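This briefing gathers computed features of one chain and groups them by topic. Please read it alongside the sequence and the three-dimensional view shown here.

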Amino acid sequence: MAEQQMTTSDEESPSDSPVVHRPVRDTVRLTLVVGALGVVFGDIGTSPLYALQTVFNPHDPHPVPVSETNVLGVVSLMFWSVMVIVTIFYVLFALRVDNDGEGGIMALITLLRRWGARRGRRATVVLAALGIFGASLFFGDSMITPAISVLSAVEGLKVVEPALGELVVPITAVIILGLFLVQKRGTGAVGRVFGPVMIVWFVVIGALGITGIASDPAILRAISPTYAVGFLVGHFGTAFFAMAAVVLAFTGAEALYADMGHFGRRAISRGWLVLVYPACMLSYLGQGALILDDTRNVSSPFFLLAPQWGRVPLVLLATVATVIASQAVITGAFSVASQAARLGYLPRLRIAHTSETEMGQIYVPWVNWLLMVSVLTLVFAFRTSTSLAYAYGVAVTGTITCTTLLYFVVARARWGTPRWLLAAGAGVLLVIDVLFLAANLTKIAHGAWLPLLIGLTIFTVMTTWQRGREIVTAERERREGSLRAFVEELRGGRGLTPVPGTAVFLNRGKETAPLAMRANVEHNHVRHEHLVIMSIDTEPVPRVPADQRIEVDTLGYTDDGITYVSARFGYLERPDVPAALASLEPAQTEGRLRLDQASYFLSKIELQAGDAPTMARWRKRLFIATSYLAADAAEAFRLPRDRTVVMGSRIDV
């Protein structure tokens, strides 16, 4: 909530607050901007390391010849692509659409689901599936970014001393291994230095870009959009294949949107417009000037901008910057996985919060180790940043295309923008996005298949889990029967032996009786003095205010000791059942609950592939296999281990 309060204060006008508060607001704004520089812009801010070099890679299957026309055209294309896609679409438009302060493609999906509940299901399902595919591609991006970023930085050693080239891969592997091993410690302590380090990084690459421009000011002609348009129209064959690498200039654009909830729209916008965008563009212009001056500089234009004495420090600074970029995207993967699990697209994963003050700082062990193995595999398989760049673009352009489409659908639903205006805006942006995507698809045989395979695999897992969850829920509800009817049976006695104490049965809602509760009554023939049937609901909002968290229902009687409690949490919160129950008054639960001695009952479902034609058999097996990733419910809901009872039931999928 503190983040949202900061964002609110940022929107106040001077007339709304006393003058004495201005220094405080200015300090908050500066803190947010510095924080955004350290987390949000790590990925896109390190793109100058490899983007222009990759365009003119002589080993590319579709090489772009080094000539004055091509250099001016490529640099102009980079300048205006970043302007249109990042500055205009993401910064000026997309950041204005949020889900209670949160941004990113998962936020758009939750907005679509909320809108679809009122407008109709078919279109919503299709668009949500598109969004899930975009989120799946983001996981591919999360695997490729650490590999290509750290590789590109360490490759600077070859510029300093060519003989050190053999050490690039081993050093990269050690850095990446260390990066993933420290994830469980959290990023709180390190995060405080991220912003200042990235400020130094952007100042340095901007200054180096200026020195490059000074060597050949003719490169400034590339700022004119006529060079980008002329390159596309007059040399489309060359420009089209160049676009597959030009996309590297705006990798990380999705992070600007996804991290909006942490820093707010204005902090991200100011950081981008004031420092990040100018620094990156100066670097590209400086590198272009260096290539125009001597075409041999195309081998490593970024590091060759620095004087001989400054290249070793630049390699060290670049390595730190790429680690920050990797950290940002790894944290993003944790966040997307957590949100997907809370929205029902993945099983409930074990999540550890690594900060007492920042809700968004989480650690997801299963995702961390999967990413580590995947990134190390990519490093040893591709070995150079230019080889890995072939695979990078598809994940980036695919996610951006999905985000663009979902944004305009949500914009229509939220603001009622005229269809003709949306069609015009969406048409232009989607043509650009699809053109970049098509260019990257030409690299399928050279590595672009990798993010597509990763995306399709994760998409299949997520949609299979969602479908299997629907099947299991339907069968479970059939077996559970009506909760109110079961309460009537309990009031009738049924020969049950009353025992003192409190029993809490976790359930999916108040329509059906918990399987564990039925099993306890039918097999043990006892009932506790106080029975609490409790459901945990994850709302499509980041956080639920404390005064809106709990709802209590006596289920029609106030003298039987049976109470239904519904606890609502946002998808960024970790449910805490004992804490939620402790907030209740005795009058709400027909007497004081003995929570220090309460027993908690969980219903465990054992899955097996049945003969019913609910899903293809391979999807049934995939669903059952995925279920083993689910975190222990007692830990997920913070239940005391020594007082938690698990009772099972078997269901065919």
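The structure holds 12 salt bridges, a salt bridge being a side-chain nitrogen of Lys or Arg within 4 Å of a carboxyl oxygen of Asp or Glu. This is a predicted model, in which local features need pLDDT of at least 70 and side-chain atom pairs count only at pLDDT 80 or more, while totals for chains, interfaces and linings use all residues. Residues are numbered from 1 along each chain as its sequence is written, and side-chain values use heavy atoms, with hydrogens and water left out.

**Confidence**

- The mean pLDDT of the chain (pLDDT is the predictor's confidence in each residue, from 0 to 100) is 83, and 89% of the residues reach 70 or more.
- Over residues 1-20 the pLDDT is below 50, and this stretch has 24 contacts in the model beyond near neighbours in sequence, where contact means heavy atoms within 4.5 Å.
- Where pLDDT is low, the predicted coordinates should not be read in detail.

**Salt bridges**

- Asp60 forms a salt bridge with Lys443, with 2.7 Å between the closest N and O atoms.
- This pair links distant parts of the chain, 383 residues apart, with Asp60 in the loop between α4 (51-55) and α5 (68-93) and Lys443 in the loop between α20 and α21; helices (H or I, at least four residues) and strands (E, at least two) are DSSP runs, numbered from the N terminus.
- Asp60 and Lys443 are both buried, where buried means under 20% relative accessible area, exposed over 50% and partly exposed in between (1.4 Å probe, protein chains only).
- A salt bridge also joins Arg484 to Asp553, the closest N and O atoms being 3.3 Å apart, and this pair links distant parts of the chain, from Arg484 in helix α22 to Asp553 in strand β5 (residues 550-553), 69 residues apart.
- Arg484 is partly exposed, at a relative accessible area of 41%, whereas Asp553 is buried, at 17%.
- Asp611 and Arg617 meet through their side chains in a salt bridge of 3.8 Å, N to O, and here Asp611 is exposed with a relative accessible area of 74%, while Arg617 is partly exposed with 40%.

**Aromatic pairs**

- The count comes to 17 aromatic pairs, by the rule that rings of Phe, Tyr and Trp (its six-membered ring) pair if their centres lie within 6.5 Å, with planes under 30 degrees apart counted as stacked, over 60 as edge-to-face and the rest as tilted.
- The ring centres of Phe250 and Phe436 are 5.2 Å apart and their planes lie at 85°, so this pair is edge-to-face.
- The pair links distant parts of the chain, Phe250 being in the loop between α12 (236-246) and α13 (253-258) and Phe436 in helix α20 (residues 419-441), 186 residues apart.
- Phe250 is buried with a relative accessible area of 1%, and Phe436 is buried with 2%.
- Phe505 and Phe601 form a stacked pair, at 4.5 Å centre to centre with 15° between the planes, and they link strand β3 (residues 497-507) with strand β7 (residues 599-608) across 96 residues.
- Phe505 is buried with a relative accessible area of 1%, as is Phe601 with 6%.
- One aromatic cluster is formed by Phe41, Phe79, Trp80, Trp272 and Tyr277.

**Buried elements and residues**

- Helix α23 (residues 515-524) is mostly covered, with seven of its 10 residues buried, and these are Leu515, Ala516, Met517, Arg518, Ala519, Asn520 and Val521.
- The buried residues of α23 pack against α21, α22 (483-491), β3, β4 (526-539), β7 and β8 (644-652).
- Just after α23, His525 takes a positive phi of about 55°.
- Leu450, in helix α21 (residues 449-480), counts as buried at 12% relative accessibility and touches Leu378, Phe382 and Ala391, leaving out residues up to four places away in sequence.
- Thr563, in strand β6 (residues 562-570), counts as buried at 0% relative accessibility; its contacts, leaving aside neighbours within four places in sequence, include Asp553.
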